[in-house]
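Good morning, everyone. Please have a look at the model on the screen, and then I will walk you through a few parts of it.

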Amino acid sequence: MALDKMLVVGAALFCCGLYTILTRRNAVAVLMGVELVLNAANINFVAFSHYVSRMIGGQIFAVFVIVLAAAEAAVALAIFLRLFATTGTVEVDTADHLRG
Amino acid sequence: MKGPVDLVFYVLAAVTVGSAILVATLPNIIYAAVALLFAFFGVAGLYILVSADFLAATQVLVYVGGILVLIMFAVFLSSRISSVELSNPVHFRLPAAAICLALFGVLAHTAVSPAFIPKPQVTYQPTTAEIGELLMTRYLLPFEVASVLLLAALIGAALLSRPDRPDIPRPDMEEP
Amino acid sequence: MDFINSHILTLMTFLPVAGAAIILMMPSGRDNLVKTIAAVASFLPVLLAVQLWFLYDRTVAGVNVASQFQFVEHYRWIPSINVEYFLGADGISMPMIMLTTIVSFLAVVGSWGIEKQIKGYMALILLLETGMMGVFCALDFFLFYVFWEVMLLPMYFLIGIWGGPRREYAAIKFFLYTLLGSVLMLLVMLALYFNTTNPETGGHTFNMLHYMQQSTHNGWLKGFDIRILLFLGLFIGFAIKVPLFPFHTWLPDAHVEAPTAISVILAGILLKMGTYGLMRISFPMFPDVTKWFVIPMAVLGAINIVYGALCAMAQSDLKKLVAYSSVSHMGFCLLGMAALTPAGMVGASFQMFSHGMITSMLFFLVGVIYDRAHHRDIDGFGGLGAVVPVYTFFITVAFFASLGLPGFSGFVAEAMVFIGSFSVFRTIVMISASGIIIVAAFHLWALQRVFLGPLNPKYAQLEEINSREIFCLAPLALMTLILGVYPMPVLNLMSASLNHLVDVVNMVI
Amino acid sequence: MIRYAYIIPFLPLAAFFVNIAVGKRLPRKGDWLSIGTIGAGLVMSIVIFFEVFRIYDPNFRYHVVVPWLSLGGRFVIHAGVLIDNLTAVMLVVVTGVSTLVHIFSVGYMHGDPRYSRYFAYLSVFSFSMLGLVLAESFFFIYIFWELVGFSSYALIGFWFEKKSAADAGKKAFIVNRVGDFGFLIGFLLLFATTGVLGYDEVFRAIGEGKIGGTLLTLAGIGIFCGAIGKSAQFPLHVWLPDAMEGPTPVSALIHAATMVAAGVYLVGRVYPIFTPDAFLFIAYVGLLTLFITGTIAITATDIKKVLAYSTCSQLGYMILGLGVGGYTAGLAHLTTHAAFKACLFLGSGSVIHAVHSQEITEMGGLRKKMPITFVTFLIATLAIAGVPLFSGFYSKDMILGAALEFGLKNPHHMILFAGALLTAGMTAFYMFRLVIRTFLGEPVDRHKFEHAHESPPNMWVPLVILAGLSFSFWYSGWFGDLVRKPASAIPAVHALKATPAGAHAVSSAPSPEGRFGLASGLAHAGTPKAPQGASGHGSAVPPAHSKGGHGTPVPPAGHGPAGGHDAEGVGPHAAASPDAAHDEHLAHTAHTWAMRLSILFAGLGIGLAFVVYLFGWINPVKVASTLKPVHTFLVNKWYFDELYEATAVNGTKALSRALGWFDLTVVDGLVNLCAHLGVWFSYLTGKFDNYVVDGAVNGVADVTIGSGSFFRRFQTGKLYHYVFILAGGVLIIFLVKAF
């Protein structure tokens, strides 16, 4: 149960999240990928706070991350709804008006 | 100290990572959402292993209770037209796989490298009181800022997801 | 009265330009008024010149000795770069100053026939006179260069506006050619400036006399070959003005296109700038290089004489013929100077003075016939001797003075040049002496084709020369004759200084 | 009066200025002014001549100098006057002939539109000639040399309406200038080495050996070139025949008596500077001249042309005389020639004035119409032909004698005497041909014959005077005594095998107040008196004055500079050494033989002339046709004119045209080329500026646009693309940090 195993798990979560973001065309799925990445970060925070610094600063930080994740998810889904209302689909590829 | 703690750790790790992989690969979005649920629970378990009990609680409470539900709603709302689109179209897989594996390799390599010196084992202690105290003393400012942020997010989400009402002048959301 | 005496050179230099200013203020209609003002403005320097003549002390030679210069005016002009307003006169510049005042005045009077924009014309001619006077009086290299350029500009406009058919080409060619020369001079001036320190002030200086003092010790300018370079730069600059053989082609064009009075000034005075520059600047400042460069100078002089004479023979335009004869005569000056003997040097300087007289007369005469016949083609005339006897008399005097008939100043100058330079360059002088045959040939041939032989009916009613023209010609003819019979009055002026110059260049002093 | 000699030239000069300025408005158009001034000059000259004559000293010398031009003492040229016996004689000759010509011109030029200017030119000529005679330094004789050239130009080209007259004037001046060029080089050479210009100073300097050998010979020949040009000697004689274009009195004055004689006078004046080689050169030039012009004169038909060529020939004689050492002979001939040639020219002038034609073919039998002109003309012709009793014989015989003596001493130079003798015969022949065709025989053109009339007194009086002067008793004796050969200034002269013996100056009865009259002419012809002291070259021995006591003490010391090394006997009388005796014998035989031969040849010439032209035994036309090539060759004046025209004149013209073209196209072309180069270079910089510098700026713009559009493609709008790049970036950073 050493620190390095926790970090490996964090890395795995991060990569799955990243993979989801990159491959999913559905906006909500992308959001899920984002959530996975955030959790990976939290694992790292907690692991370091527990194994390295002996202070629970890391955990507080993780708390704030969770709070933000919630806010972010809310706003993201509101945007996706608006997107869905205006364009009829939630596909990430269609919202590419901001291209160069 | 082989024994039951490592075993639990490995189980939890396997659950988390497996469900994460499922989230990434399942074509159907609903199944992906469920896989996500399990991933969150795996993570909460890991928190407990690391004696971050308050964190595990908030994890379960916020992520699973809040965000996952939101996602489920979004999925159902956005797939009004019952059609096969429920399926989760996938594209761009090969480069994504390549970059993720490469990154995993690199991160794992650094994680395993002896750069980190773990402290000796410490017994579990409840952390909630400490967190509550810290939140109210040292980290009071981020706590307040977070609350302002949540309020803004709340208003923003509400405003964005309101149905169109022609009589109220709303900023022109330019059609696609 | 003593104000005039102490500031005589400044007055002589700037009176014409003051006249020019007054002229420019005149209402444009009043041509006669303009002409009279111009005449007065250019006559006053003649009076001052006479005053100068009596005040000048003939025994003192001031080539490179500051104390021996006369009528010196020395004020600070641009202190930051040590430029001084430094005027002075000695044996080298005195004859030239006299020549300038006389010929300029006669040119002004001679150009009373000009109708086109007489105001501009007179103002420019007076400005030109100031430029020329300045060049001859300046003893500060910067001042010398300023006046050199001041002299160049009006000349360009005078040829360019009032000239003949190809005037733009001639004006541009003249201007650029001389400018090239003055650019070289500028470079040398700067080199000199940065290599000499004024003993009094310790800073750099443009004072020519300090350059001459420095020239004695050989450390100056870091060695002999640098000095050769500077000398050649100056030499080319002055050679263009003389004009010497390869650089002379601007002269015929400038003369053919310039109006009469301007080509009088151009030939009468401007050509002397080159030789004067050599005497005033190149010789005293680079005595060792001068001695090294003596043979090429003599050869160039000889080429000028023979080449100029032969080219003159080939011309069909009377004015071009006279222009080339000027090239030939200036060749004598250079030959005389190259000999570095008292007789040669004085002969050269006297040739400059007498040539100034003779060519002025020649160009006036060509101008007279051009005003009446409106063309200068020699073969177009014939037998005018019977129709215009007085004019024929004057042009015969001028032509024979020009070909060096004894009794005229031309002969005295040429004889002294020959006598002075024969002992030094035997073969070169023999070749140049053959020039007197060619000079005689083309003069007489031209005289015969225009004035002798059967009368060309077209000019049966050619009107005789009028009194104004005689007024311009008579003084010149008289002076040429008087100086030919007894040249001492002018020789006295220059002999002291030129003997000193010869000693300086031979590094005896 | 000698002190006031310098005034003589300035009188005519004043007349010149007055006549030129106001001549027209003066009474009689100012001719009296010119005549008056030259007349005064003549009187003064005669007075001076008698003063000098009374002193009767061959070494008489009056020399006064004033500085004319000085450069602060370092270089001084003196002006001054030098009068010795030769000058006194020349003064009289010049002023005399000039006055007579002035008087003659009054009649001849009567009614000419530019009458006063003619007299002005005559005055300026007289001024220059007198100045030339009085000059005392090379510099001043050169000045007057050219002034005389100018006045002859003015007078030859007097009727300038005629193109031929204008051409002749120009030709005369230029040919003279060619001679002057040589003269200039000559005296410059002398000046360069000796540093002085005056005659005496130069002679002294040569004596001190400052200049010698070939350089001195060159200087001598250079100065002699001046004489060649002025006295129309061999190469430069072409201008004299053309100079006949001028009015006849002018020809008489300038081209017979004075100016052309200036060359001979110059050689006489600077005699000491000539080296033996120079003398040889002079002698041969003289020979060539007298022979060539003699032959041409035979075929000339224009009366003035014949006289012109005869002048050239006689000048050749004088130069030959001087060349072979006959100093007194040459100068005597100059004096006698001045008189009878002036008389011939004025005679031809009156003939032309009467007949209004110059071709002798149209004349004939004029003796009836113009008796006085005929008689004077005949006397002068007898003189020139060298008939005894006449002045020509006296001086020409001296020259022939000197030539024979020189020939005897240097046999390989005998051609000099032979040529001279032959030409003497020719001279007699063509002169009598002229007299016969003009005056004797039957008139060819009746019309002209009818109109012929005797000239008015103011024309035939000068003729009579000049004819009177053509008798030898005027000259024999005193001339020889006074005008002695100066010792040569050259110190160590390497004598020729036989130096031209000095004992040539045949001087007959010495005493001036002695026996005039015809007898003396014959007497002297007979027995050459005791030879003068042999004043061969280099000897400082003063020429021994002739024996016989005319009482005036003769200062022994010759003026020649001391130092003659091979001075023969010093004492005037002590001709002790055998060498001198041999010389005397030689001179004696030379002169007797020369005299006999010259009389023989003169007689032959005259006889031949009568035979051919009067008695008609030999038909001249047939002779001319048989010797066709020779005849045409002579008629065309040995083709000299054509030769010079082709080579010198057209050569210089072609050269000048070539240089003119060269100057215009090449040198000017170069300048214009620079201009075009400048323009082309500026065009180039313009283009460079457009494409390169501007290009760079545009390039930057293009690059930015290009790169912009290139990177634009990355902003695909696809979210996952961005995240992919993000992840890629993180990965690269990790890799870079790791390695």
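Where in chain D is the place of Trp638(D)? Trp638(D) sits in the loop between α24 (628-635) and α25 (640-712) of chain D. Helices here are DSSP runs of H or I with at least four residues, strands are runs of E with at least two, and both are numbered from the N terminus.

Some ground rules. This is a predicted model, where local features need pLDDT of at least 70, side-chain atom pairs count only at pLDDT 80 or more, and totals for chains, interfaces and linings use all residues. Residues are numbered from 1 along each chain as its sequence is written, while chains are lettered from A and ligands numbered from 1 in the order in which they are written.

Back to Trp638(D). Its phi is near 55°, a positive value in a residue other than glycine. Most residues other than glycine have a negative phi, and most peptide bonds are trans. Trp638(D) counts as partly exposed, because it has 15 C-beta neighbours inside 10 Å. The cut-offs: a residue is buried with 20 or more other C-beta atoms within 10 Å of its own, exposed with 12 or fewer, and partly exposed in between, with C-beta atoms placed from the backbone.

Ser51(B) is not a glycine, yet its phi is positive, about 55°. Ser51(B) lies in the loop between α2 (29-49) and α3 (53-78) of chain B. Ser51(B) has 18 C-beta neighbours inside 10 Å, so it counts as partly exposed.

Now a peptide bond. From Val242(C) to Pro243(C) the bond is cis, with omega near -15°. Pro243(C) belongs to the loop between α9 (224-241) and α10 (250-257) of chain C.

Staying with chain C, we come to its domains. Domain 1 covers 1-292 and domain 2 covers 293-509; the bounds come from an automatic or database domain assignment. Their centres, taken over C-alpha atoms, are 23 Å apart. Domain 1 of chain C brings 48 residues to the contact, and domain 2 of chain C brings 47. Contact means that the C-beta atoms of two residues, placed from the backbone, lie within 7 Å. Which element gives the largest share of the domain 1 side that touches domain 2 of chain C? That is α11(C), with 13 residues. By class, this domain 1 side of chain C has 31 nonpolar, 13 polar and four charged residues. Nonpolar covers Ala, Val, Leu, Ile, Met, Phe, Trp, Tyr, Cys and Pro; charged covers Asp, Glu, Lys and Arg; the others, Gly among them, are polar.

Next, chains B and D. Seven residues of chain B are in contact with seven residues of chain D. The chain B side has seven nonpolar, no polar and no charged residues.

One helix of chain D. α4(D), residues 115-134, has 20 residues. Of those 20 residues, 20 are buried.

Last, chain A. It has three helices and zero strands. Its radius of gyration is 16 Å, well over the 13 Å that the globule rule gives for 100 residues, so chain A is more spread out than a compact globule. That radius is taken over C-alpha atoms, and the rule is 2.2 Å times the number of residues to the power 0.38. The C-alpha atoms of chain A fill a box of roughly 50 × 25 × 25 Å along the principal axes. Of its 100 residues, 63% count as buried.

Terms used: Expected span 1.5 Å × (residues − 1).
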